[in-house]
Structures are given as C-alpha cells and as structure tokens.
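Please keep the sequence and the coordinates side by side while reading the paragraphs that follow.

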Amino acid sequence: MKLTKLAMLATTAMLAAGAAMAEGKVKVGMITTLSGGGAGLGIDARDGFMLALKLSGSDAVEVVIEDDQQKPEIAVQLADKMIQAENVDVLTGIIWSNLAMAVVPSAVAQDKIYLSVNAGPSALAGKGCHPNYFNVAWQNDNLHEAAGAYATKAGYGNTFILAPNYPAGTDALTGFKRFYKGDLAGEIYTTLGQTDYAAEIAQIRASGADSVFFFLPGGMGISFMKQYADSGVGLPVVGPAFSFDQGILQAVGAAALGVVNTSQWGKDLDNEANKTFVAAFQQEYGRLPSLYASQGYDTANLLLSAVGKADIGDKAAFRAALKEADFASTRGDFKFGTNNHPVQDIYVREVIQEGDIFTNKIIGVALEDHVDAYAVECKM
C-alpha cells in the first residue's frame, strides 16, 4: 500500500470519529520517523501497524500519523499537539530512545497510554516504569545480551565493541557486556548519525580482536558494514537484528552474508500468526517485512485486543486488558513482565541469500523466556 493510500485510510477513519468516539473508539497518535536516514524503520513500523488494523476489519481505532524527523524537539511538539489539540487516548510509534525519553514520561504523566513499537530505554523499564507505559518490542539491552551470550558460546575471547553515543547505544554495550564472558579488545561510542567509520575500523584492525560486536541501526549500520567489508579486516561479526534486519540487508548486500545476529522475531518463525503476517505484508507492500514491521503489527493487535475487552474511558480496566496481552503475536507466545516489558525468547539468526534477496534464517535460541535486568527496579 502506498503512503498516500495509508494517509487516505487514516483520514477516512478520522472522518468517522465524532459520534463513534462516544461508542468506545480509541484515538491513536503515531509519532514515528518517516524522513531522513532512519525513515525505513518508522515506515516499516507504521506499515505493520496499519496492516493489522486493516486485516482486523475493525473501525474502533482512529490513527493520526506524524513524522518526528528523528528530532526530539519535533517529537515533543507533536506529542503536545496530539495530547492537547487532537485529544488522543494512546500514543505510539517512536523508534529512537532519545525521542522516547523526551516524550514518554510527560505523556504517561498526563494519563495517556503509551505503547512502544521499538524504543525500550532502561530508564523506562526500571525505576522510571509507569502503569501507562507498555513496551511491545523489548528492553533495549535484550538483543545485545543475547549477542553477548552467543559470542561467549561461540568461543570469542577478545571482542571489539562499538555503538552510538545515545541511550540505546549505552544500553546496547551494557547489555552485551552483561552476558559476554571474554575480554574486550576495545570499546567505542560513535556519534549518532555518523557515516564515516575509517578511524574506528583502523582501531579494530590494530586491537588484536578476534571478533566484532556493533550496534549501529539504520543507515549507520549500512555505512559501517560496507566500509568494514571493504577494509579486509575479516574478523567475524556479531550484532543485534537492528543492523542486519530486512530493510537494511538489501543495501548492505553480500558483505553481510554469514553474519550472526540476534532477534526476538524472524520471518521463518513457525506459527500461524507469523505466517499470516509475512504473507499479508508481502502482498500489501511488495516487500518482505522487517523486525520493525512485526513490532508495529503486534502493537496494533495488542491494542485491538484491549479495545475488545475494555472501554478506554476506564483506564484501569483498559490497562488490565493490555496487560493480559490476549492476542496472536508474530512471536508465538507473548506475555508482559512485571514492568510491562516482554518476557520472550531471543533467537540467533544468520544472514543468507534466497534468490536475489538477502535475508535471515533462525539457527538457534540465545536466551529463553528472557526477563530484562531492570524489572527488579520497577515498583509498580
């Protein structure tokens, strides 16, 4: 479905809003990244979310969509407008953790529900948890913890690690180190949005490392991996799905083949909800879904499950319905922990080529029924 067609869908829903809101209709404000270097992530999350609504056939959810341009100040302005002028009931869509930290605490304090399709900063999982905040993706550390566990099992003993200097980046390296038992050949925080990694690759080459772990989402990961492959350093690479997900792999190409990455989702997970999602997404948009698309899809279905059980006007009942997570997830079994973050399996995937398409296949499980490290600090 083209962007203009999605806009028409959202507009059609808005035209019917008036009287329907009194009948339990839920108004959703989706603030996500639709332009600039991180646009692919937000577009996929949006497309997955809107696909779930379309497949449901329900008209109980109205969606207002805005582009945050990956800028915290824009995200804050949009959230204020949606809360004060649009009177949304639920906010969702933010991809980047620095934007989430700028928007979520204020939104939930104003008694709005926030459903995260992606960003999962540690500050919102632990002491900063809130009954109105539900993360439908992960806590930021999780996939990196799984990568650390895999690197240890693979026998790597001197890994060089790097990530951008923002909340998700610090969570990434913290998570990796929590489960990695070897030594570190080096540790670097890069600039958010950086595209030239010649200096970092030179440090890796000189470090004596036996492997590399990096978290560089979106265009950052594409730039790094291409430059790394061209450098001839040749050390095995381990990463989270963010740097090797479907939307990125086509741009990276053969340089990514054989790379091992960790994810709570894969297109080859064998459950009916996932099979339906993958097939419908391909039919609707003409491309394979990404991790971000699966999270948007699950978020919409979680919301629909709550809408079917409780009225948004009764926040306590609506929160309880969300907490039940009574929906068919693309991941199979889905449940929330005590801090409203998922308790879930995290898989090991390998980058492969199927015809002309670069994609991932699941080759194992890194962590089972994994609970994030910050849940114990949450006092809800």
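Predicted model: local features only at pLDDT ≥ 70, side-chain atom pairs only at ≥ 80, totals over all residues.

Helices here are DSSP runs of H or I with at least four residues, strands are runs of E with at least two, and both are numbered from the N terminus. Helix α10 itself covers residues 219-231, and its 13 residues reach 18 Å from the first C-alpha to the last, close to the 18 Å expected at 1.5 Å a residue.

The buried residues of α10 are Met220, Gly221, Ile222, Ser223, Phe224, Met225 and Tyr228. What covers them includes the strands β6 (158-164), β8 (211-214) and β9 (237-240), together with the helices α9 (198-206) and α11 (246-252). Leaving aside residues up to four places away in sequence, Met225 touches Phe214, Val237, Phe244, Val252, Ala255 and Val259. Ile65, by contrast, is 160 residues from Met225 in sequence, and the two C-alpha atoms are 32 Å apart in space.

A similar reading can be made of helix α3, which spans residues 39-56. Its 18 residues should span 26 Å at 1.5 Å a residue, and the end C-alpha atoms are 26 Å apart, so the two values agree. Helix α3 is mostly covered, with 13 of its 18 residues buried, and just after this helix Gly57 takes a positive phi of about 75°.

How do two helices lie against one another? Two packed helices are described by the angle between their axes and the distance between the axes. For helix α7 (residues 142-153) and helix α8 (residues 167-179), the angle is about 35° and the axes are 7 Å apart. The crossing of α7 past α8 is right-handed. On the α7 side the contact is made by His144, Glu145, Ala147, Gly148, Ala149, Ala151 and Thr152, while α8 contributes Ala172, Gly175, Phe176, Arg178 and Phe179.

Turning to the strands, Asn261 is found in β10, which covers residues 260-263. Is Asn261 buried or exposed? With a relative accessibility of 0%, Asn261 counts as buried. Its side chain makes a polar contact with the side chain of Asn360, at 2.9 Å. Not counting residues up to four places away in sequence, Asn261 touches Gly239, Pro240, Ala241, Phe244, Tyr347, Val348, Arg349 and Val351 as well as Asn360.

Strand β12 (residues 342-354) and strand β13 (residues 357-370) run antiparallel and are joined by 10 bridges. Together they form a hairpin with two residues between them, and Gly355 in the turn has a positive phi of about 65°. Across this pairing, Gln353 stands opposite Phe358 in β13.

Positive phi values also occur in residues other than glycine. Gln69, which is not a glycine, has a positive phi of about 55°, and is found in the loop between β2 (61-67) and α4 (72-84). The relative accessible area of Gln69 is 36%, which means that this residue is partly exposed. Asn87 likewise has a positive phi, near 55°, and is found in the loop between α4 and β3 (90-92). Asn87 is also partly exposed, with a relative accessible area of 49%.

Conventions
Residues numbered from 1 in each chain as written. Heavy atoms only, no water. Pairing = 2+ DSSP bridges. Expected span 1.5 Å × (residues − 1). Buried < 20%, exposed > 50% of the residue type's maximum accessible area, 1.4 Å probe, protein only. Contact = heavy atoms within 4.5 Å. Polar contact = N/O pair within 3.5 Å; in protein donor to acceptor, adjacent residues only side chain to side chain. Axes fitted to C-alpha atoms, helices over the stretch in contact; angles between N-to-C directions. Left-handed = near helix turned anticlockwise from the far one by under 90°.
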